[in-house]
Amino acid sequence: GQQAEVWARRLLSESSLTLDQRIERTYEQAFSRPPTAAEKKSAQEFLVAQGAELGLSPSSASGDLRCWTDLCHVIFNVKEFVYCP
């Protein structure tokens, strides 16, 4: 919850980043590696789907705090994040 929102706010505060760069930053911060092509596509699709549930266009969803908070929350629950050596 709250930590995911803090992380999302920090990611969105970097307004010069493109969507792809923001997703890359998310994975680098969480896993110390860039996302695979499939992970990047999945993150983009997740943001669009979350936005659709909120009645947002895809372009609005890519910058919406609620959508990014949900994405960060999902990443917090990825096994790779939870069990980092």
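**Exercise 1. A threonine in its helix**

In which helix is Thr 69 found?

*Solution.* Start with the ground rules. This is a predicted model, where local features need pLDDT of at least 70, side-chain atom pairs count only at pLDDT 80 or more, and totals for chains, interfaces and linings use all residues. Residues are numbered from 1 along each chain as its sequence is written, and side-chain values use heavy atoms, with hydrogens and water left out.

Step 1. Thr 69 is found in helix H5. Helices are DSSP runs (H or I, at least four residues), numbered from the N terminus.

Step 2. Check its burial. Thr 69 has 14% relative accessibility, so it counts as buried. The cut-offs are these: buried is under 20% relative accessible area, exposed is over 50%, and partly exposed is in between (1.4 Å probe, protein chains only).

Step 3. Look for a partner. The Thr 69 side chain reaches the backbone oxygen of Leu 65 at 2.8 Å.

**Exercise 2. The length and face of H2**

Work out what span helix H2 should have, and find which of its residues are buried.

*Solution.* Step 1. H2 covers residues 19-31, which is 13 residues. The expected span is 1.5 Å times one less than the number of residues.

Step 1. That gives 18 Å for H2, and its end C-alpha atoms are 18 Å apart, so the two agree.

Step 2. List the buried residues of H2: Arg 22, Ile 23, Thr 26, Tyr 27, Ala 30 and Phe 31.

Step 3. Look down the axis of H2. These buried residues fall within an arc of 135 degrees, so they line one face of the helix. The arc is taken over the directions from the helix axis to the C-beta atoms. Here is the background: an α-helix has 3.6 residues a turn, so residues three or four places apart point the same way.

Step 4. See what comes next. Ser 32 follows H2, and its phi is positive, near 60 degrees.

**Exercise 3. Core and cysteines**

Which residues touch the most other members of the largest nonpolar core? How many disulfides does a search of the whole structure find?

*Solution.* Step 1. A nonpolar core is a set of buried Ala, Val, Leu, Ile, Met, Phe, Trp, Tyr and Cys residues joined through side-chain atoms within 4.5 Å.

Step 1. The largest one has 17 residues, and Trp 7, Trp 68, Leu 71, Cys 72 and Ile 75 touch the most other members. Helices H1 (2-13), H2, H3 (37-53) and H5 (65-76) each supply at least two residues of this core.

Step 2. Now the disulfides, pairs of cysteine sulfur atoms within 2.5 Å. The search finds 0. For Cys 67, the nearest cysteine sulfur is that of Cys 72, 11 Å away.

Step 3. Both cysteines are buried: Cys 67 has a relative accessible area of 0%, and Cys 72 is at 0% relative accessibility.

**Exercise 4. Charged pairs**

How many salt bridges does the structure hold?

*Solution.* Step 1. A salt bridge is a side-chain nitrogen of Lys or Arg within 4 Å of a carboxyl oxygen of Asp or Glu. The structure holds 6.

Step 1. Arg 9 and Glu 5 meet at 2.8 Å, N to O. Both lie in H1, 4 residues apart, about one turn of the helix. Arg 9 is partly exposed at 48%, and so is Glu 5 at 32%.

Step 2. Lys 40 and Glu 24 meet at 2.6 Å, N to O. This pair links distant parts of the chain, with Lys 40 in H3 and Glu 24 in H2, 16 residues apart.

Terms used
Polar contact = N/O pair within 3.5 Å; in protein donor to acceptor, adjacent residues only side chain to side chain.
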